[in-house]
Amino acid sequence: MRLDRANIATLSCVLGGAAVLAAMNLLIPAVSPLHVPDFVIAIAGKYLCYAILALAIDLVWGYAGILTLGHAAFFALGGYAMGMYLMREIGARGVYANPTLPDFMVFIGWTHLPWYWYGFSHFWFALAMVMVVPGTLAFVFGWFAFRSRVSGVYLSIITQALTYALMLAFFRNDMGFGGNNGMTDFKDVLGFPLNRESTETGLMLVTATVLSLSFLLARAMIHSRFGKVLIAVRDAEPRTRFLGYRPESYKLVVWTVSAIIAAIGGALYVPQVGIINPSEFAPGNSIEAVIWVAVGGRGTLYGAILGAMLVNLGKTWLTSALPEIWLFAIGGLFIVVTLFLPRGITGLFTTRQPPKGSKQASAATEASMREAAR
Amino acid sequence: MSEPTLLYLDGVTVSFDGFKALNELSMVLEPGEMRAVIGPNGAGKTTMMDVITGKTRPDQGRIVFGADIDLTKLDEPAIARLGIGRKFQQPTVFETLTVRDNLLLALAGDRSPRFTLWARESADEHAQLDRLLATIRLVQERDRRAAELSHGQKQWLEIGMLLAQDPKLLLIDEPAAGMTDAETAETAELLREINRTRSVVVIDHDMAFVRALGVKITVLDEGCVLAEGSIDAIQDNPHVIEVYLGR
Amino acid sequence: MLWRGVCVCRRRLWFSMLIAALSAAVPTAPAHAGGDPFAQIAATNFDIVAQGVQALATSGNPRAAAVIDALRDGKLYAWKWPRPDAPLYIRSATGFVDARSGAPVEAPAAINLRRVIVNDSVRAAIATAEGALGLFAKDPAARRTAAEALYQSADPGALSLIERALTNEKNAGVAQVLREAAATALLKSDTGSGSTRIAAVDELATRSDLSARNLLASLHSEPPPVAAAIAGAIHDIDRRLKLWSLVENLYYGVSLGAVLLLAASGLAITFGVMGVINMAHGEMIMTGAYTTFVVQQLVAATMPGLNEFGLLIAVPAAFVVAGGLGIVIERCLIRFLYGRPLETLLATWGLSLVLQQAVRSIFGATNQDVTSPAWMSGSLDVGGLVLTVNRLWIILFALLVLGGLMATLRWGGLGRSIRAVMQNRRMAAVMGIRTPWIDALTFGLGSGIAGMAGVALSQIDNVSPNLGQNYIVDSFIVVVVGGVGNLWGTLFGAVLLGIVDKFVEPFEGAVLAKIIVLVFLILFIQRRPQGLFPLKGRAAEA
Amino acid sequence: MLSIEDVDLYYGASHALRGVSVTARIGEVTCILGRNGVGKTSLLRAIFGLQPIRSGHIRWENRELDRLPPYQRARAGLAMVPQGREIFPRLSVRENLETGFAMLPRQLRRLPDEIFELFPVLRGMLGRRGGDLSGGQQQQLAIARALVTRPRLLILDEPTEGIQPSIIKEIGRVIERLAARGDMAILLVEQYFEFARDLAASYFVMERGEIVLSGRRGDMDETAVRAHLTV
């Protein structure tokens, strides 16, 4: 019951808030003090994307007990897919005015488009790729990892290694994704100029909607019988096996879905910030995203959204006000939250029992590991 | 042997770096039978459960279930789906789920994500759950989180989950451990009730409890069967007395 | 390397001058004024002077260098009008010395003296002479470099000179180089019978370096037998070169392995033995590196005499600093998180951010330059490969650290207690061992070793706040692959990864090497899950 | 002396000790008898602080042990020979013995000769890994290891379990001898009735987490005790 109320609250906050901001930006004249300047819209849009990423992470961490340290990889891959479409949209308006080749390719002296760029001139295709590519990667990776019963910190370390490797890969020019400069100078999406505030606002609203939809999807999943099995796996994996469930396949499904959600977030992120480059793969990003969830309170979904918003608000403010402090702050946040706020901020207000996930899951893992060690 | 058997352990050996936890253990369980397994510490009782449920692979020997299924070839989920349920020494239920959901997950049926993602609770399932809750005396607690149950209640919930699986064979490890006398008696009653419809193997130290079950007893020692028979036969068996009183 | 290149082409330059001069001078020289080069120099005919210069240079006369220098600097004086003994004087700061003997003489009347002047041909001859002097210098090293340069220049014209040098060369090494030089010269010239040419080819085949190969490859239109010999020679050389590059790769792999080993040893304790996921491990290394920097600054400021050994002082210092930090961390943070690996992971990651920022605030974000002492710089050539000395030291150091670590765990009370606690915590407590304290010390030990690794890494990597970041992932991979809690395994894993990395790199590039290692890791984990969980007991088995 | 008063102990919700009270005097052997699973080992864990007690008191030489961590209790003079020996498998026999040094002052950090008088076999195998010893040897090592810490309360948990008779006799002799020294309280937990009976000065019988029978050696009702031990 309380859960439902919380959910409705979340949705109305996200959608309502976005709508209000949009209105105050578009309808109120710039002179009025009530007018919301464009950069606020841009920032809001960015945060909403982060919220989607956080949501994805909470889905696997909060409910399947999989602590991922590489989810930014899927986020970035989605972003790159979208970036490729936006690059093709530029067409001949690039510096080198090459109708087919993006500038950076001309710059490194490529003469024709590599095969894996075909089709990205169509929005629908790019959109498909936004989900297919990260989804496939997640599936293959998960299939390996879960089938071999890799879990706990080992899984975390591997996910980090994954995003790390991808970062290195995308830094290479010959990958054909713009090397360390990545892709930028986008002109427009589906014909709407990106620099017009109506477009910005539109994107922000779309993001808000997508966030709400993914939220509902995630919620539907965890409230289905599937979700219950997932929680069961988190709490006592060996037991679920003796009930005849195959935990690996459940993890695999939720892991892939989560990766796709994250990727969509990334795809929405790129047109709003106007650039995508390999630094998005940096392991640090993934872990920072995890702390958003931890701060908000894992295993609640709305906590993830709240956390992403708050932490990033703090980041924006601190990095501008006293940049020195930022890393201290975020670092301290990790420590304080894990030591004193295991259930995050939302945990302070709900009477729910703490999600025993990590502790028991890890205990269970230990047990099974010991068995394996026999 | 001519008559149909439910479970047949044939010369099963398990050794952990040198030490033989099970040593050529052979045992036969008839359909519908309830069997109590006792024995001093380290006799291999829990290991026996592990090999039957696929948690541990035996070094030698076969474990035949029903007509001709060799369990040593299968893993836990597969064996569980064949209809062998197991209850652990420490009650392990899904703490953060409600009592009812714990049972719901245990209910026999399709275990694949494809199914559970879209599964809706059927009227039949609803009825089954109510029946189960009644059987394990947890109707009041149906919507409480399992974590909030007492030790005895958790034990029952776990047994309830076993029943929900609708298994042909139940393996139960020390159900009476740490229970009050009242709870112990009720547990024995519950097991007899269960045994009307399915075969059961119970491990326990508590002789009062085993006596209350009043079934055939197998005494394990050092990984193999030391004696088998009725409680009285066992009590007079010199080997058993040897094992329990003196070495 | 670049520097060396520069030298080579400089030498090339004046050798071609030398050759030019020789070909210019020799034929025009009239058979006049007998053997005495001094007399020739005293002559007024520039050609004869030039001839004299050359003769003197190749005569091996001890005074040669002095006289020729004097001539070049215009300090050489002769008698104004012909005289049989043709005296030569060198004007020194104090007065005049006799050019032949170098003995001071009282100054002759200035009226009788004329300065020996030079023209282009003489200047050329002087340059030549200076080159030749190299070949005839006292010091074998000097002769060797001269010969080496001749070999590089591979100029047919030099042949006669080289052969003259060969005739009175005693030092075997130098003679060898001279022979090779002769061979190149001969092969470049189109003189010489087939057999001599083949001999020359074989000569070069024994040398078997890239320059020899290129030279041989550059020879065309040789008579069949010679051509065959050349082909064979090239084949041999290629085989040897391949072998060397293999050895070289191995060496690089091992030295990378040593770096990984250093980075991972500490983790093998905190993660391997204790099972604590310490994401701040990299920052422990970083701390060690900065300690090195500070120590060097202090040494430079207080006792400059010890500058060379600042690094040695830094090793224990780094151990103490990082170790102490480790103990504080364990007491204040880790111990509340035992049994909660995921929380530990997050908390320590946060810690790593704080430590990085702290260092950034104190020392600034820029790289600090840690100096390498002389005894760690430079390189030594072994056969076909160049081993950088600091790499060698790091390999040695890595082994020392590992050995020391194993020893600590094997012998002595602390090691015994650590192993006891890790094998059976409860029983250890029953035996009266202060388990919490042992935990702290163990963690401190691991951190301290990371600190020492930092000292070594400060020599090959930028000392910046993110120093540690570059090692954390690799370290974990090493420990996991090596089999958690098994130091020998850590050694194995480190070297294995290092070599794999270096062998894949040339073909696929560093990135794919990483990715391949990653896939390898996942497959590995699938194979040997027991390598994954820190087994009590197998832990700390040294 | 050791006095345990009305101790309750739970594992999670499982009630393992129910108001248990036991006393053990210096210079004599006190036996705790019972089938396995009745809470004997739980009681020992409570004494050594390996499992927190819910209520009750544990006093040793008029000192409250309740709040102390296990290693402090060891330093207070307790030592234990646990069930299953719990030898450190990858430490050499010598190292196993020397683990006791951690709590000793420097001058006491040597292996008392008594150990080798009691268990001559050990002298021969100081270099071998504890894990490689036979059950009987491990049992002897476990007792020797406990003696290294110069304890005044020695707790033995089923020292006869899974051990061949010859060594059981030897262990019996050792226990007698230690008791005879008169400076040590010995708490012996057993299922093996004859073994316990011959050693015990006083005994306590447990059943389902409670003391159901207790008394001095003289007034022991054998049949009653047996009834609680056998099946």
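Predicted model: local features only at pLDDT ≥ 70, side-chain atom pairs only at ≥ 80, totals over all residues.

Visitor: Fine. How many helices and strands are there in chain A?
Guide: Chain A has 14 helices and four strands. Its radius of gyration is 21 Å, close to the 21 Å that the globule rule gives for 374 residues, so chain A is as compact as a globular protein of that length.

Visitor: What box do the C-alpha atoms of chain A fill?
Guide: Roughly 65 × 50 × 40 Å, taken along the principal axes.

Visitor: And what share of chain A is buried?
Guide: Buried residues are 53% of the 374. Of the contacts in chain A between residues at least 6 apart in sequence, 78% join residues at least 24 apart.

Visitor: Let's take α12 of chain A. Which of its residues are buried?
Guide: In α12(A) they are A:L327, A:I330, A:G331, A:L333, A:F334, A:V337 and A:T338. Seen down the axis of α12(A), the buried residues fall within an arc of 140°, so they line one face of the helix.

Visitor: What do those buried residues pack against?
Guide: In chain A, α10 (283–296) and α13 (344–349); in chain C, α14 (341–363).

Visitor: New topic. How many residues do chain C and chain D put into their contact?
Guide: Chain C gives 19 residues and chain D gives 21. On the chain C side, α16 (413–423) and α17 (425–430) each supply at least two residues. The largest share of that side, six residues, comes from α16(C).

Visitor: How does the chain C side divide into nonpolar, polar and charged?
Guide: The side of chain C that touches chain D has seven nonpolar, seven polar and five charged residues.

Visitor: Now α7 of chain D. What should it span, at 1.5 Å a residue?
Guide: Helix α7(D), residues 165–181, has 17 residues and should span 24 Å; its end C-alpha atoms are 25 Å apart, which agrees.

Visitor: Which residues of α7(D) are buried?
Guide: D:I168, D:I171, D:I175, D:L178 and D:A179. They cover an arc of only 100° around the axis, which puts them on the same side of α7(D). They pack against several elements of chain D, including β3 (29–33) and α6 (135–148).

Visitor: And which exposed residues does the face turned away from the buried side carry?
Guide: On that face of α7(D) are D:S166, D:K169, D:R173, D:R177, D:A180 and D:R181.

Visitor: What follows α7(D)?
Guide: D:G182, with a positive phi near 80°.

How values were computed: Residues numbered from 1 in each chain as written. Chains lettered and ligands numbered in written order. Rg over C-alpha atoms; globule rule 2.2 N^0.38 Å. Buried ≥ 20, exposed ≤ 12 C-beta atoms within 10 Å, placed from the backbone. Contact = placed C-beta atoms within 7 Å. Arc of directions from axis to C-beta. Nonpolar A, V, L, I, M, F, W, Y, C, P; charged D, E, K, R; others polar. Expected span 1.5 Å × (residues − 1).
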